[in-house]
Amino acid sequence: MSDSSAIAHGEQEAPHEEHPSYLRHHFESTEQQADASNFAMWLFLLTEVMFFGGLFTAYLIYRNWYYPAFVAGSHQLSIPLGGLNTLLLITSSFTMAMGVWCAETRRKSGLVLCLILTFILGLGFLGIKTIEYTEKFEKHHVPSWHYSLNSFLNPDSDKEARAAGDQPLPLDMARKTEVYFSLYFAMTGMHALHMIIGIAILGFMIFRARAGAYTAGHVTFVENFGLYWHFVDIIWIFLFPLLYLISRH
Amino acid sequence: MSHISPIIWQFLVKWMTNFALFPPEASRLAPQMDALLFFLILVSLIGLTIVVLLVTSFSILYSKQRHPVAEQIEGSTLLEATWTIIPLGLFLVMFVWGALIYFRVYTPPANAMNIYVVGKQWMWKAEHPGGQHEINSLHVPTGRAIQLTLISQDVFHSFSIPAFRVKREAIPGRYTTVWFEATVPGTYHLFCTQYCGTNHSQMIGDIVVLTPEDYRKWLAGSTSGASLAQNGERLFASLSCAACHNTRPDARGPSLANVYGAKLALSSGGTVTADDAYLREAILNPSQHITQGYAPIMPTYQGQVSEEGIIALVEYIKNLNSDYRIQQTTNTVDLLPESEGKTAGQAPAAKVPAAQGGVKQ
Amino acid sequence: MSPVNTIVSLPDQSTARIPRVNYLNKENGLLSWLLTGDHKRIAILYLISITFFFFIGGALAGLIRLELLTPQADLMATDTYNKVFSMHGIIMIFFFLVPSVPATLGNFLIPLMIGAKDLALPKINLLSWYLYMAGGILAIYTMATGGVDTGWTFTTPLSTHYVNTNVLTTGLAVFIAGFSSIFTGLNFIVTIHKMRAPGMTWFKLPLFVWAHYAASILMVLGTPVLAIAIVLVALERTIGIGVFDPTKGGDPLLFQHLFWFYSHPAVYIMILPGMGVISEVISTFSRKRVFGYTAVAFSSVAIAVFGFFVWAHHMFIMGVSNYAVLVFSLLTMLVAVPSAIKIFNWTFTLYKGSITFETPMLYAFGFMGLFTIGGMTGVFLGTSGTDIHLTETYFIVAHFHFVMVGGMLMAFLAGIHFWWPKMTGRMYPEKISQLAAVVTFIGFNLTFFPQFILGMLGMPRRYASYPPEFQILNVFSTAGASILGVGYLLPVLYLVWSLKYGEIAGNNPWQATGLEWQIQSPPLTENFVVMPIMDHEAYDYEWLERQKVKEVASVG
Amino acid sequence: MSEPREHEHHIVSPKIYGAILAALLVGTALTVWASYIDLGIFNPIIALAIACTKATLVVLFFMHVKYSTRLTKLAVFAGVFTFLILIGMTLSDYISRAWGTW
């Protein structure tokens, strides 16, 4: 039987020099490998865009239908906390970008520092999110969870609503705030889930980075994680104005 | 297509119906739908025949025995353009033709007699304007445009009458409409075609098409005493709607007389036509439907009135519209049981314009 | 030399041997399979598991047909029937049709066809198989512990508030399987972009690869929308958020928008790879380059792109706005055109060819006939007027079974027979497999053609009992299903038999031109010993002849 | 093998990262500030415009798309495009439902 060289004009590969240990057998060059995994990461982010796309579609429809309820619901959120979270997340995106730069320029301690900072900022974000969620829980603004319309029917009895100068909503519209909070929890919840996954991976990366895994020329993993982290940041960049900043004047 | 040869057409449809290959045609719309269906079947058959003929003849002509060496052909832009443009043209014809029929099925004529249908797991409840209730059956007269206003109490259902070629989804929380005009007396299938849970396949019933005389008898025999609008009036009073919706100059709510079908200016800006769907929404979600010049003080009745109750209210409000009342009365006068004596003679004459009203052949 | 009515050329059976080293025997032991990164081994894993799920789904289909033998619900209670058809749909769609050709044949062949050593992301590839298995086992588990009766469409508010079966676990199973599909598609796209051999330009790619590329785009961009729709259903069912709940102000139609945004492109995910198989088979057995290669390649991409614009044609009578119906109906007509182009291009590939009728070709002919019917009846449903009468009846059932079973399953079987020698190194038995192809075709038509008439008559789908006048056609259908069952069992038997007793196939039994046929069968784990260089067009049979002449010359 | 790379792997300098961070922070402040002013219909438009600008900055610089191959740019474009189809075509139904029957 003929062997697999049946293609007569296959070109004999140049006897290759020692491969870097991270080059997997089926790639021809490290560049091809890096390219491929980078592109794969981008495709994965496309699926994430569409995943959140469904939520944004729902948001747009109901915001058009139940605008007063969305305004009143939005006024229950705290801009200082939301704004602080935006700052934390944007800064963590910056430290992550710096981390990638450190890895590219082979600065091990810089990379570890950046990753730890990102880790802490991410945890801070989740901490504040927890505070916000707890507040919603205490005020019975979690859909279906003894959901209370009090803040919307009697805004004077409610600190946030009074501060925003809300007028009482009619009962039928007040009920629609549940749709707002459904979307609020679905959107921020899905976002927080992505944050938790990201932070878990970050923790793993910090250990590997201290062992010098990413500063030996193979930075794909850090780069790809960076893409993921920035994507999560972008989602928040949209969530913040859409959920927190409806008609604040 | 029916104009090509009515005789062949009749033969075709009768024959196929007889052999249970095709449902009976029992509405004015059915032949129009069937014309398009036969066109589609014809195009499909021709297309399929072309493909099968070509494949078979090529297989015979160019089998390896007869044609040992293949001739390499790159392709042919002209041929490919042909089988891009011809199907596209045919599909566009189908699109236009189909869209015309679609409009016809879902655009009831103005003078149609309205019957309300509520779907719930697992039955159909029909409410006639005269107050007759039916479950899992629907009695309709021939020669009269009937509009169904459908709503579901729980999940999606679908009201399907194959013999009339009509079907419409009953949606929770929203009215949908469909109309038909039955032509042949008889009993036809009513199916729920949208899967709706355990007893989906038992959510079936009969559409009983009666001649106007029989229908009159049926109406007289199954009346419940009060018409739908009268039920609505009673409900209107018991919910104290008239406390605000009255004609006094200091009324807190707009008067509902002649509101049905009117263009209303809303306080949120914009205008809206007050149709059935609007009236229902205004009862359940009033704050989004405040008429200009009134304060948003109306409470919601969500959870306090059943779908049947809302239907009665809507019918009552519709009947406050003098045009609507007059039109419905003149339209259905020959069908009212008590009018048997005086209109029996002129009924056929009155029927013709009504029958011609909706559908242009 | 060779018989006139076949192109099969096998090596001398007395001396031929399966290559000593190949991907099947490189490593041994169960673990070497379960931890493999080799795309060919993963393809085999997929093939075995997909066959398993196919027969589970098939058994459920058998139960459905048996129940419908009589007008009353006498074999099982209506709620059992509802669970059976729901699980039939879920298993067949998410665990058979979506992964069928891509995950088995695509996985096996794409690297071979483009001259790569493996898919770009072997570990992700293995992960996607594990996800598929996790989803599949969860689906079987839900079936064993009570099943689900929402239908495969999970329509709200039925699925969120009105049934008390295992919606959550089934949803989770579909969710997981969805990610398996996303990873497969992602892997294909990266591989096709980044791993092509030198000289393998886009327009030298086999059409099989083009079709998979188009399908992969749909997998990557469509599936996540299904995922979020399922997540929202799950949240609505568990904690009661109000996104789809009409009593809380949500719109149940929104769920259908999101669901069909995936599930309509999903039918193209299912059919496009099948079209890829048909292109290869028809070209090989008529010894001709595919007629209008570029048109066929671009029609795949056109189907993928337009596929995203037409989803609301599933909702014509559901209360979407009439204007939207117009737009979506028109776009549906446009997406029908590329399919018509493909059918005619395949037909004209036969013109002036040199045709032989081995089993894959018979299946391909079956595909062309049945897919033409399936496609044309799709136009009945895309035409908004006739859709009113035909939707939600057995016409729909017949239509998508013609496309999915008559189209995709025929293509799958064509592909399995076509590449069986490459995958195993042995030929399947020709006569009995031709018989199986014919039996399948007859059984299929007998099963599903009566359902078109049932649909015309108005018999609704998903009915456990039906008016007695529909019985005769249902009896025909059930009778056909039993023939169809035989047609599907036969290949399993003789293909397994051929693993040990089949003739040795040699490198290129069909004299085909793809790169995968130029290497040993079964291939080495690393596919190519030397990096192949693509210096000829796809489907260049003259190049193949020259190669043979050269080989003879060099040996002589 | 693959498309010829248009650029060698480009390393973005920390200075640019710093500038982007500053721009993002300013954008955040701006969007909060703008939300307190009554601009009528323009409130959501401005909020979205700022968010889109910020997202674009992140994509171009933090995610290196500005220095990436055409393929990556195409992928980003495809994602945005499909996202817009999902939103646009779904909304087309919801918007035209309000137009009434005909």
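Helix α4 (residues 212–221) of chain B has three buried residues named here: Tyr215(B), Arg216(B) and Leu219(B). Seen down the axis of α4(B), these buried residues fall within an arc of 105°, so they line one face of the helix. The arc is taken from the directions that lead from the helix axis to the C-beta atoms. A residue is buried if 20 or more other C-beta atoms lie within 10 Å of its own, exposed if 12 or fewer, and partly exposed in between, with C-beta atoms placed from the backbone. Helices (H or I, at least four residues) and strands (E, at least two) are DSSP runs, numbered from the N terminus.

This is a predicted model, in which local features need pLDDT of at least 70 and side-chain atom pairs count only at pLDDT 80 or more, while totals for chains, interfaces and linings use all residues. Residues are numbered from 1 along each chain as its sequence is written, and chains are lettered from A and ligands numbered from 1 in the order in which they are written.

**The sheet in chain B**

- Strands of a sheet pair through backbone hydrogen bonds, either parallel or antiparallel.
- An open sheet of five strands in chain B has the order β3-β2-β1-β5-β8, with mixed pairing; two strands pair if DSSP finds at least two bridges between them.
- β3 (133–135) and β8 (176–181) of chain B stand at the edges with a single partner strand each, so one side of each is left without a neighbour in the sheet.
- From one strand to the next, the twist averages 25°.
- Seven bridges pair β1 (residues 113–120) with β5 (residues 145–152) of chain B in the parallel sense.
- Within this pairing, Gly119(B) has Ser152(B) as its bridge partner, and Asn114(B) has Gln147(B).
- β5(B) and β8(B) run antiparallel and are joined by six bridges; Ala145(B) stands opposite Glu181(B) in β8(B).
- Seven of the eight residues of β5(B) are buried, so this strand is largely enclosed by the rest of the structure.
- Helix α7 (residues 307–319) of chain B lies across β1, β2 (123–127) and β5, running at about 165° to β1(B).
- Axes are lines fitted to C-alpha atoms, for helices over the stretch in contact, and angles run from 0 to 180 degrees between N-to-C directions.

**Where chains B and C meet**

- The contact takes 75 residues from chain C and 75 residues from chain B; two residues are in contact if their C-beta atoms, placed from the backbone, lie within 7 Å.
- α11(C) gives the most to the side of chain C that touches chain B, with 15 residues.
- Helix α2 (residues 30–61) of chain B packs against helix α12 (residues 359–382) of chain C at an angle of about 165°, with the axes 10 Å apart.
- That makes α2(B) roughly antiparallel to α12(C); angles under 35 degrees count as roughly parallel, over 145 as roughly antiparallel, 65 to 115 as roughly perpendicular and the rest as oblique.
- Residues of α2(B) including Leu40(B), Gly47(B) and Val55(B) meet residues of α12(C), among them Phe365(C), Gly369(C) and Phe380(C).

**Chain D**

- Chain D has three helices and zero strands, in the pattern α-α-α along the sequence.
- Of the 102 residues in chain D, 30% are buried.
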